[in-house]
Amino acid sequence: MAQPPYDPYGGGYGQDPYAQQPSVQHHYYGGGAPAAVQNNGMAVASMVLGLIGIVFCGFTSILAIIFGHVAQSQIKRTGEGGAGMATAGLVLGYIMTGIWVLAWIFYLGLWAAVVGSSAGTTY
């Protein structure tokens with residue numbers, strides 16, 4: 001008895017169409033969707049304080065710098081998310097602190113110039 005000719009489409013003759021298919025094992029690791037990485041609370045606080053530092057004369061910007069550095073060290077240690085927010089808080093904090101320091105220096109210099117010029121005049 002000769003072999004049937006080669007069929008490139010896999011439709012072999014003589015196969016039992018009701019034969020049981022081999023079982024396939026599906027491996028599920030972790031029980032479903034991957035766990036979301038939680039953001040560090042100090043990083044969120046740093047970014048928010050950096051943003052509102054524009055309004056409150058730079059006082060919150062100093063806190064943004066402190067919280068940003070603390071958040072970065074915690075993120076390195078624990079592997080939490082929020083490194084970008086901590087960096088944004090630091091950048092905003094440093095920029096706003098610098099702007100407010102320059103504004104206060106200008107204001108105090110202007111005040112000193114006005115007071116100094118009025119003290120030298122006699123009426």
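Biologist: What should I know about the model before I start?

Modeller: It is predicted, so local features need pLDDT of at least 70, side-chain atom pairs count only at pLDDT 80 or more, and totals for chains, interfaces and linings use all residues. Residues are numbered from 1 along each chain as its sequence is written, and side-chain values use heavy atoms, with hydrogens and water left out.

Biologist: How is a pair of aromatic rings described?

Modeller: By the distance of the centres and the angle of the planes. Rings of Phe, Tyr and Trp (its six-membered ring) pair if their centres lie within 6.5 Å; planes under 30 degrees apart are stacked, over 60 edge-to-face, the rest tilted. That rule gives 1 aromatic pair here. Trp-104 and Tyr-107 sit edge-to-face, 5.7 Å centre to centre with 90° between the planes.

Biologist: Where are Trp-104 and Tyr-107 along the helix?

Modeller: They are 3 residues apart in helix α3 (residues 83-119), so about one helical turn separates them. Helices are DSSP runs (H or I, at least four residues), numbered from the N terminus.

Biologist: And is Ser-46 buried or exposed?

Modeller: Buried, at 0% relative accessible area; the cut-offs are under 20% for buried, over 50% for exposed and partly exposed in between (1.4 Å probe, protein chains only). Ser-46 belongs to helix α1 (residues 41-52).

Biologist: What does Ser-46 touch?

Modeller: Contact means heavy atoms within 4.5 Å. Leaving out residues up to four places away in sequence, Ser-46 touches several residues, including Phe-67, Gly-68 and Ala-86. Ala-86 lies in helix α3 and is also buried, at 0%.

Terms used: Helix = DSSP H or I, 4+ residues; strand = E, 2+ residues; numbered from the N terminus.
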